[in-house]
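Morning, everyone. Please look at the strands on the screen while I talk.

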Amino acid sequence: MAKKPQLAIDTRPWRDPGAKPFVRIKNVTKKFGDVAAVNDVSLDIYKSELFCLLGGSGSGKSTLLRMLAGFEEPTSGSIEIDGQDMTGVAPYNRPINMMFQSYALFPHMNVEQNIAYGLKRDHLPPTEIAGRVAELLSLVKLQDYGKRKPHQLSGGQRQRVALARALAKRPKLLLLDEPLGALDKKLREETQFELVKIQETLGVTFIVVTHDQEEAMSLATRIGVMNSGEIAMIGEPTDIYEFPNSKFVAGFIGSVNMVEGVVTEDEPGHVRIRSAELGCDIYVGHGVDCAPDQILWWAIRPEKVHLSRDRPDAPFDANVTKGMVEEIGYLGDMSVYQILLESGKRLRVTQTNTVRGNPDSITWDENVYLTWGDSSGSVLTV
Amino acid sequence: MSSFDTDSPPPPHRRPWTLFERGLKAIGLSGRALVIAAPAIWLTVFFLVPLLVVFGISLSVKQFGRPPYTPLLTTDEGTVQLTLHLSNYLRLFTDNLYVAAYLSSIKIAFISTVIALLIGYPMAYAIARAPDRWRNILLMLVILPFWTSFLLRVYALTGFMRGNGVINNFLGLFGIPPVVMMQTDFAVYVGIVYTYLPFMILPLYTNLVKLDGALLEASADLGARPVRTFLSITLPLSMPGIIAGSMLVFIPAIGEFVIPSLLGGPSTLMIGRVLWDEFFANTNWPRAAAVAIAMLVVVVIPIMLLQKAQDAVQDNERNT
């Protein structure tokens, strides 16, 4: 699905070395006792970005978010927002608002009072507060629900009240902790696009914490993948998916086939890797930072492998191997094949079902050839 | 292995209570009715009936003899006569002693409740926010005084507050002359607050421990300083705990007898002591009974009003 042009992605300030970051996280470490929940993280986030912090539980993404909000102080390192050092600044003095995972709506206040809470703290005149609340209610399409208490709302409505409340003070930076985590799948997909739309309209910088890689891929301008307290990779969704920098990132995002191999040829223009697991050589059509005889890993996405009954051309005497179809999963738009190679290694291959009810499609127990382009896979050294 | 003979009737009275159950059915009772009946009967026999007896006595007048009050029903030559004396109740209103004692009791109970709330709230809050491993120990410390007799603990307080007691001896070290604490209202407040503090802390604790920390963070995030967060979020959400704790202190404190008689002086006027004097010193059972019934009214009516208000608030929350 093509993404609508977005403020940040149009300009891509992170590609401009001279651009000034809006949020600057510098060498931040947070220790709980002896355990480092966040370990020496440095991260620049630019204005109007929708930045996703993606990671499993315990990866430190929530701790990083809580440090931005001011609920935790970094053990070392500094956080700057809009050029202002946030060390020692209390949560109630930060130009930031947060949408909590549990929504944290005040149960004894109705929707309007919840949204107005932050505005009242700024001592705005009542008429202005009422105007802003009405504006926000229409933004999240809850005009008729202003007098309801949180427990009288559905999960999706609560989520929108929480968003409206967090946006009420027009923060420069909005933190969202698993914003869609408590919603069911269908509602999540709808809300996802609404969230992006609101972010584009208001131009607010969003930092979203999520464990859901699909959510991160479809929401984010950039993604920071976190693993055990460290940033494993920062990049645009396509970079993260197509050019992972490590085994962890390749395996964490989407599904991937990973094999071990030994470098046999290391030229500036190409690399040849011998893989016993794959049962053939891998010819990589670009230079890789490696040394001959080095053991490394090669990862390829299931949709980048092609299946055929006839032996395809192998221009470099590489990138072709044989296997047997062990399992087929029919998903409608595509089918997932599990191919057993001669080495005993299993590869996952997806093929788009372009022909309706194809009687000649590859089926169980067939011997097939697998092939891929010389730049389809990623060579990973870590 | 023999097959089951499905035609044979089930062995009679397999379960020991089958017979009992059948017996109950025969007189039109089910097990459920019995379970409900047990507390109902208990309350009727040991609470309602004695209360009616007291109410009955309050409508008679004192006489010398045994029992020391006139019977309500008298038979005279085949005529059954019911005599209800309202004089005891009228006396409660006309004699300033009683009105003053009621007002003084309410005042002492109210001030004690407020002090207990002011001391108990921070304690309950601290326990609720303490690390898990400390929480049970701290709660234990709150409950620990109950392991000693209430009477003994009140007596122990006299050892602290009397002329040459612990406090005055301590003050003496700094050359401060002894402070008179015993036989004053101050001592009564100390006694009541000390004795009933756990009843304030425990309901507050159970309420505050459920308070979601994310709500406090959300409030801070929206720009509220800690004091504002407390007033706007913590306090309103802990109202049920405040009401429950205050009731548990206020109600027994109104009728308190032991503390004012052990710690209070002759000027400490509380209805519990008046009742005691009426009963034992004056042997005026009817008057004492009237005092007790009036106290019940004084205590029960505000509670009922409060309960109603609380229900209304809850209904309001549910229906808006």
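Start with strand E9 (residues 222-227) of chain A, which is joined to E10(A) by 5 bridges, and the two run antiparallel. Strands here are DSSP runs of E, at least two residues long, and helices are runs of H or I of at least four, numbered from the N terminus. Two strands pair if DSSP finds at least two bridges between them. In this pair, A:Met226 has A:Ile231 of E10(A) as its bridge partner.

A word on the source. This is a predicted model, where local features need pLDDT of at least 70, side-chain atom pairs count only at pLDDT 80 or more, and totals for chains, interfaces and linings use all residues. Residues are numbered from 1 along each chain as its sequence is written, chains are lettered from A and ligands numbered from 1 in the order written, and side-chain values use heavy atoms, leaving out hydrogens and water.

Now the whole sheet. What is the strand order in this open sheet of 6 strands? In chain A the order is E6-E7-E8-E3-E9-E10, with mixed pairing. Strands E6 (96-99) and E10 (230-235) of chain A stand at the edges with a single partner strand each, so one side of each has no neighbour in the sheet.

Next, another set of strands. Strand E16 (residues 320-330) of chain A pairs antiparallel with strand E19 (residues 367-371) of chain A over 5 bridges. E16(A) also runs antiparallel to strand E17 (residues 334-341) of chain A, with 7 bridges. Follow A:Met324: its bridge partner in E19(A) is A:Asn367, and in E17(A) it is A:Leu340.
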